[in-house]
Amino acid sequence: MSLCQSDIAYDAPEWLTGEHMTGTTIMAVEFADGVVFGADSRTSTGTYVANRVTDKLTQVSDKIYCCRSGSAADTQAIADYVKFYLDLQENETNEDPTVEVASRIFQMLCYHNRDMLSASIICAGWDKNKGGQVYCLPLGGMCVRMPFAIGGSGSTYIYGHCDNTYKEGMTEEQCLKFVADAVALAMHRDGSSGGMIRLAVLTKDGCKRLNIPGNQLPTFWSK
(Lines give C-alpha, C1' and ligand atoms only; values in the text may rest on other atoms or scores of the structure.)
Protein backbone atom coordinates (compact mmCIF):
# COMPACT_ATOMS: atom_id res chain seq x y z
CA MET A 1 0.00 0.00 0.00
CA SER A 2 1.46 3.38 -1.01
CA LEU A 3 0.97 6.62 0.84
CA CYS A 4 0.93 10.02 -0.78
CA GLN A 5 3.10 12.78 0.66
CA SER A 6 0.10 14.59 2.16
CA ASP A 7 -0.89 11.44 4.09
CA ILE A 8 2.61 11.14 5.55
CA ALA A 9 2.68 14.82 6.51
CA TYR A 10 -0.73 14.52 8.16
CA ASP A 11 0.18 11.49 10.25
CA ALA A 12 3.76 12.48 11.09
CA PRO A 13 4.54 13.93 14.53
CA GLU A 14 5.34 17.60 14.97
CA TRP A 15 9.05 16.98 15.60
CA LEU A 16 9.34 15.37 12.15
CA THR A 17 7.45 17.97 10.10
CA GLY A 18 8.07 21.22 12.01
CA GLU A 19 10.48 23.86 10.75
CA HIS A 20 13.82 24.07 12.53
CA MET A 21 13.81 27.35 14.45
CA THR A 22 16.55 29.03 16.43
CA GLY A 23 13.89 30.21 18.89
CA THR A 24 16.50 31.75 20.98
CA THR A 25 18.19 34.48 22.96
CA ILE A 26 20.91 36.48 21.19
CA MET A 27 22.76 39.57 22.37
CA ALA A 28 25.64 41.90 21.53
CA VAL A 29 27.07 44.95 23.30
CA GLU A 30 29.70 47.54 22.38
CA PHE A 31 32.63 48.43 24.61
CA ALA A 32 35.68 50.64 24.12
CA ASP A 33 37.84 48.07 22.32
CA GLY A 34 35.23 46.04 20.45
CA VAL A 35 32.05 44.04 21.01
CA VAL A 36 30.85 41.13 23.14
CA PHE A 37 28.39 38.58 21.75
CA GLY A 38 26.27 36.04 23.55
CA ALA A 39 23.68 33.40 22.67
CA ASP A 40 22.09 30.25 23.98
CA SER A 41 22.51 26.99 22.06
CA ARG A 42 19.02 25.48 21.67
CA THR A 43 17.44 24.77 18.27
CA SER A 44 13.81 23.66 18.38
CA THR A 45 11.41 21.99 15.97
CA GLY A 46 8.03 22.83 17.41
CA THR A 47 8.18 21.59 21.01
CA TYR A 48 11.05 19.19 20.24
CA VAL A 49 14.66 20.21 20.92
CA ALA A 50 16.48 19.36 17.69
CA ASN A 51 19.95 20.49 18.78
CA ARG A 52 21.23 21.34 22.26
CA VAL A 53 24.62 22.77 21.22
CA THR A 54 23.90 24.99 18.20
CA ASP A 55 26.41 27.75 17.46
CA LYS A 56 24.33 30.86 16.70
CA LEU A 57 27.37 33.15 16.49
CA THR A 58 28.30 33.05 12.81
CA GLN A 59 31.43 34.57 11.28
CA VAL A 60 30.90 36.51 8.04
CA SER A 61 34.31 38.23 7.91
CA ASP A 62 37.55 38.21 9.90
CA LYS A 63 36.23 40.76 12.41
CA ILE A 64 32.50 40.69 11.77
CA TYR A 65 30.04 38.19 13.23
CA CYS A 66 26.28 37.87 13.31
CA CYS A 67 23.87 36.39 15.84
CA ARG A 68 20.98 34.50 14.25
CA SER A 69 17.37 33.98 15.38
CA GLY A 70 14.31 32.82 13.47
CA SER A 71 14.33 30.04 10.90
CA ALA A 72 17.63 28.17 11.06
CA ALA A 73 17.58 27.58 7.29
CA ASP A 74 16.79 31.21 6.46
CA THR A 75 19.41 32.72 8.75
CA GLN A 76 22.13 30.29 7.65
CA ALA A 77 21.42 31.08 4.00
CA ILE A 78 21.49 34.84 4.64
CA ALA A 79 24.78 34.59 6.53
CA ASP A 80 26.28 32.58 3.65
CA TYR A 81 25.20 35.24 1.14
CA VAL A 82 26.66 38.04 3.26
CA LYS A 83 29.94 36.18 3.68
CA PHE A 84 30.14 35.72 -0.11
CA TYR A 85 29.57 39.43 -0.80
CA LEU A 86 32.06 40.53 1.85
CA ASP A 87 34.71 38.12 0.52
CA LEU A 88 34.09 39.50 -2.96
CA GLN A 89 34.45 43.09 -1.77
CA GLU A 90 37.64 42.28 0.15
CA ASN A 91 39.19 40.66 -2.92
CA GLU A 92 38.28 43.61 -5.13
CA THR A 93 39.40 46.39 -2.79
CA ASN A 94 42.18 44.67 -0.79
CA GLU A 95 40.62 46.17 2.35
CA ASP A 96 38.72 44.64 5.24
CA PRO A 97 34.96 45.22 4.93
CA THR A 98 33.34 47.52 7.48
CA VAL A 99 30.67 46.48 9.93
CA GLU A 100 28.25 49.04 8.49
CA VAL A 101 28.62 47.59 4.99
CA ALA A 102 27.96 44.09 6.33
CA SER A 103 24.86 45.28 8.20
CA ARG A 104 23.53 46.98 5.05
CA ILE A 105 23.93 43.77 3.04
CA PHE A 106 22.00 41.93 5.77
CA GLN A 107 19.36 44.66 5.58
CA MET A 108 19.08 44.43 1.79
CA LEU A 109 18.57 40.66 1.89
CA CYS A 110 16.15 40.70 4.84
CA TYR A 111 14.09 43.66 3.60
CA HIS A 112 13.66 42.61 -0.03
CA ASN A 113 12.72 39.08 1.04
CA ARG A 114 10.76 40.04 4.15
CA ASP A 115 7.59 38.21 3.05
CA MET A 116 9.45 34.93 2.58
CA LEU A 117 11.97 34.93 5.43
CA SER A 118 11.82 34.50 9.16
CA ALA A 119 15.10 36.06 10.19
CA SER A 120 16.17 38.44 12.94
CA ILE A 121 19.86 39.30 12.92
CA ILE A 122 22.35 41.14 15.11
CA CYS A 123 25.40 42.14 13.07
CA ALA A 124 28.41 43.32 15.06
CA GLY A 125 32.16 43.58 14.82
CA TRP A 126 35.18 45.86 14.73
CA ASP A 127 36.69 47.95 11.94
CA LYS A 128 39.35 50.65 11.77
CA ASN A 129 36.84 53.40 10.90
CA LYS A 130 34.37 53.21 13.78
CA GLY A 131 35.75 50.60 16.16
CA GLY A 132 33.25 48.23 17.78
CA GLN A 133 29.71 48.46 16.41
CA VAL A 134 26.41 46.67 16.96
CA TYR A 135 23.57 46.77 14.41
CA CYS A 136 20.14 45.33 15.15
CA LEU A 137 18.03 43.93 12.28
CA PRO A 138 14.63 42.73 13.54
CA LEU A 139 12.01 40.96 11.42
CA GLY A 140 11.24 43.03 8.34
CA GLY A 141 14.73 44.32 7.62
CA MET A 142 15.05 47.54 9.60
CA CYS A 143 18.70 48.29 10.51
CA VAL A 144 19.65 50.43 13.51
CA ARG A 145 22.98 50.89 15.28
CA MET A 146 22.62 50.50 19.06
CA PRO A 147 25.01 50.36 22.03
CA PHE A 148 23.58 46.93 22.79
CA ALA A 149 20.99 44.74 21.12
CA ILE A 150 18.97 41.71 22.14
CA GLY A 151 16.82 39.43 20.03
CA GLY A 152 14.99 36.14 19.82
CA SER A 153 12.07 34.74 21.79
CA GLY A 154 13.96 34.98 25.09
CA SER A 155 14.66 38.70 24.68
CA THR A 156 11.10 39.61 25.63
CA TYR A 157 11.83 38.52 29.22
CA ILE A 158 14.94 40.68 29.73
CA TYR A 159 14.28 44.13 28.25
CA GLY A 160 13.75 45.63 31.70
CA HIS A 161 16.84 43.92 33.11
CA CYS A 162 19.02 45.12 30.23
CA ASP A 163 17.70 48.70 30.34
CA ASN A 164 18.34 48.83 34.08
CA THR A 165 21.76 47.14 34.03
CA TYR A 166 23.46 48.60 30.96
CA LYS A 167 25.89 51.44 31.63
CA GLU A 168 27.95 53.42 29.13
CA GLY A 169 31.70 52.84 29.25
CA MET A 170 31.62 49.28 30.57
CA THR A 171 34.83 47.26 30.41
CA GLU A 172 35.22 43.95 28.60
CA GLU A 173 34.76 42.02 31.86
CA GLN A 174 31.64 44.00 32.76
CA CYS A 175 30.20 43.40 29.29
CA LEU A 176 30.84 39.67 29.57
CA LYS A 177 28.99 39.54 32.88
CA PHE A 178 26.18 41.72 31.51
CA VAL A 179 25.68 39.41 28.52
CA ALA A 180 26.04 36.14 30.47
CA ASP A 181 23.57 37.25 33.16
CA ALA A 182 21.01 38.50 30.63
CA VAL A 183 21.13 35.34 28.49
CA ALA A 184 20.94 33.13 31.59
CA LEU A 185 17.85 34.99 32.82
CA ALA A 186 16.19 34.60 29.41
CA MET A 187 17.03 30.88 29.30
CA HIS A 188 15.44 30.44 32.73
CA ARG A 189 12.11 31.87 31.53
CA ASP A 190 11.95 31.00 27.83
CA GLY A 191 11.21 27.43 26.82
CA SER A 192 12.73 27.95 23.37
CA SER A 193 16.08 29.05 24.84
CA GLY A 194 18.40 26.65 26.62
CA GLY A 195 21.52 24.53 26.53
CA MET A 196 24.74 26.45 27.14
CA ILE A 197 25.84 30.07 26.70
CA ARG A 198 28.28 30.84 23.91
CA LEU A 199 30.21 34.10 24.28
CA ALA A 200 32.62 35.88 21.97
CA VAL A 201 34.83 38.96 22.40
CA LEU A 202 35.77 40.63 19.13
CA THR A 203 38.47 43.33 19.00
CA LYS A 204 41.10 44.56 16.54
CA ASP A 205 43.21 41.58 17.61
CA GLY A 206 40.59 39.04 16.56
CA CYS A 207 37.93 36.91 18.21
CA LYS A 208 38.08 35.12 21.55
CA ARG A 209 35.41 32.46 22.15
CA LEU A 210 34.12 31.42 25.57
CA ASN A 211 31.56 28.84 26.64
CA ILE A 212 29.51 28.51 29.83
CA PRO A 213 28.18 24.93 30.23
CA GLY A 214 24.58 24.37 31.25
CA ASN A 215 25.56 23.27 34.75
CA GLN A 216 27.63 26.43 35.35
CA LEU A 217 25.14 29.09 34.26
CA PRO A 218 24.75 32.21 36.43
CA THR A 219 22.02 31.73 39.01
CA PHE A 220 19.85 34.26 40.81
CA TRP A 221 17.00 33.96 43.30
CA SER A 222 15.99 30.59 41.82
CA LYS A 223 19.21 28.88 42.99
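Visitor: Is Asp181 buried or exposed?
Guide: This is a predicted model. Asp181 has a relative accessible area of 12%. Buried means under 20%. Therefore Asp181 counts as buried.

Visitor: Which residue forms a salt bridge with Asp181?
Guide: A salt bridge needs a Lys or Arg nitrogen within 4 Å of an Asp or Glu carboxyl oxygen. Here the closest N and O atoms are 2.9 Å apart. The partner of Asp181 is Lys177.

Visitor: What separates Asp181 and Lys177 along helix α6?
Guide: Both residues sit in helix α6. They are four residues apart there. So the separation is about one helical turn.

Visitor: Is Lys177 buried or exposed?
Guide: Its relative accessibility is 55%. Exposed means over 50%. Therefore Lys177 counts as exposed.

Visitor: Which residue meets Lys208 in a salt bridge?
Guide: Lys208 lies in strand β13, and its partner lies in helix α6, 36 residues apart. The N to O distance is 3.0 Å. The partner is Glu172.

Visitor: How many residues apart are Asp55 and Arg209?
Guide: These two form a salt bridge, with the closest N and O atoms 3.0 Å apart. Asp55 is in the loop between β5 and β6, while Arg209 is in strand β13. The pair links distant parts of the chain, and the separation is 154 residues.

Key:
Residues numbered from 1 in each chain as written. Predicted model: local features only at pLDDT ≥ 70, side-chain atom pairs only at ≥ 80, totals over all residues. Heavy atoms only, no water. Salt bridge = Lys/Arg side-chain N within 4 Å of Asp/Glu carboxyl O. Helix = DSSP H or I, 4+ residues; strand = E, 2+ residues; numbered from the N terminus. Buried < 20%, exposed > 50% of the residue type's maximum accessible area, 1.4 Å probe, protein only.
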